[in-house]
Amino acid sequence: MTYFHWIAGTILALAWFSRIVDAAIGMPSVADISQPEWDQGPSAAPGKIPSANPRVSIIVPARNEEGDIEQSLTRLLQLDYDNYEVIAVNDRSTDRTGEIMERMAGNPQFSQSTREMGHSLLKVIHHQELPSGWLGKTHAMWTATNAASGEWVLFTDADVLFKPDSVRRAVVYAEAAKADHVVLFPQMIMKRPGEYMMIAFFQTMFVFGHRPWKVADPKSRDHMGVGAFNLIRRNVYEAVGTYEALRMEVLDDMKLGKVVKNAGFRQRNVFGGDLISIRWARGAMGVVDNLTKNFFAVLSFQWPRTLISAFGLAFLNLMPFVGVWLAHGWERVPYAVALGSMFLIYLGMSLRSGVPAYYFLLHPVSTGLFIYTLLRSMFLTLWNDGIVWRGTKYPLEELRKGMV
């Protein structure tokens, strides 16, 4: 048992400690566009000759979002940017989503803005049917982009809340950094302890697996995409095959980031405080439900990889807590190093995410729930021979064929 503890503890200590050192060195390089230096008009970006602000087309796909769509679109229609359009897609909704969109498009408050800007500020597209070989969301974004006129395209979700200066600051940064694709991390709105616990774990694993500070490095394979805010140059979007190339991708946001990075274009991710925010889930089981659709897709719908990953998650996240109690004497040191490094990640995230660092103590609980979610995602997808998403079933065979 002595050799086991030394070997297991050393592996865990190296894994966690190396990541916290890497993050401590790299994370400061990730820009925060909520800072005063980015509070300017795009024409005033450093080194840029004053010119007309680039046009931005904001794409909002929505299916059965009557509870959120009005507030989300209202925020978008009140941006302080002077050259943009919003294209909202009602994707086969069975509730009042389409009705709310149309009412807002005819609202005199926004019609005045339309006259001042010289173009239609809000366009609404209605989908009644879904062509075969497409996911509803990717099809909605593809058709909306075909109708867009912007030099930049911003893909977002129907429940994201934008502050007035969010898009302006993002465009300033994109033009200054000569970026082709900019991802802005949203602020998570959390109201229940279960949400804090699960989102803290998710962010810990996200930092561990995706290394946001490496995205800007063209030599690394790290890439990024976030459904709440994917801002991409129109010509780059077309160069990577548009959403037609991702038409059956469940993880469309991350896969967009992947194809952009693999094609050699300049990708950046940025922090932004509360420039955009989202209530991603309600309670711990809300997070479980949201991720059930995605987790098996993350592992390419392969059950052996899923089982291995479940074991890996348990070893990486539970063994430091178990080992520090079961080991004796100096054998506990590497486990303690792993736990200390894990806590430092929580502490670092608490400075940006609003999740108190003491949620580290619930890390074993959230680990168990995430392993359950992973296995649940695999079981339900295999049992149903596909994914049921927003009332539409997508066969597993088609999902596998459409993977990038």
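## Close-ups of a predicted model

**View 1. Ser57 sits in strand β1, which covers residues 56-62.** Strands here are DSSP runs of E with at least two residues, helices are runs of H or I with at least four, and both are numbered from the N terminus. This is a predicted model, where local features need pLDDT of at least 70, side-chain atom pairs count only at pLDDT 80 or more, and totals for chains, interfaces and linings use all residues. Residues are numbered from 1 along each chain as its sequence is written, and side-chain values use heavy atoms, with hydrogens and water left out. With a relative accessible area of 0%, Ser57 counts as buried (under 20%; exposed is over 50%, partly exposed in between, using a 1.4 Å probe and protein chains only). Leaving aside residues up to four places away in sequence, Ser57 touches Glu85, Ala148, Ser149, Gly150, Trp152, Val153 and Leu154 (contact means heavy atoms within 4.5 Å).

**View 2. Strand β8 (residues 230-233) is covered on both faces.** In a regular strand, side chains alternate between the two faces of the sheet. Here Asn230 and Ile232 are buried on one side, and Leu231 and Arg233 are buried on the other. Strand β4 (residues 152-155) pairs with β8 in the antiparallel sense over four bridges (pairing takes at least two DSSP bridges between the strands). Trp152, a Ser57 contact from the previous view, has Arg233 of β8 as its bridge partner.

**View 3. Helix α6 spans residues 166-177.** Its 12 residues reach 17 Å from first C-alpha to last, close to the 16 Å expected at 1.5 Å a residue (that is, 1.5 Å times one less than the number of residues). The helix is largely enclosed by the rest of the structure, because 10 of its 12 residues are buried. Among them are Arg168, Arg169 and Glu175, along with Val171, Val172 and Tyr173.

**View 4. Helices α2 (residues 69-76) and α3 (residues 97-105) cross at roughly 30°, their axes coming within 10 Å.** That makes α2 roughly parallel to α3 (under 35 degrees; over 145 is roughly antiparallel, 65 to 115 roughly perpendicular, the rest oblique). Axes are lines fitted to C-alpha atoms over the stretch in contact, with angles running from 0 to 180 degrees between N-to-C directions. Ile69, Glu70, Leu73 and Thr74 of α2 make the contact with Thr97, Ile100, Met101, Arg103 and Met104 of α3.
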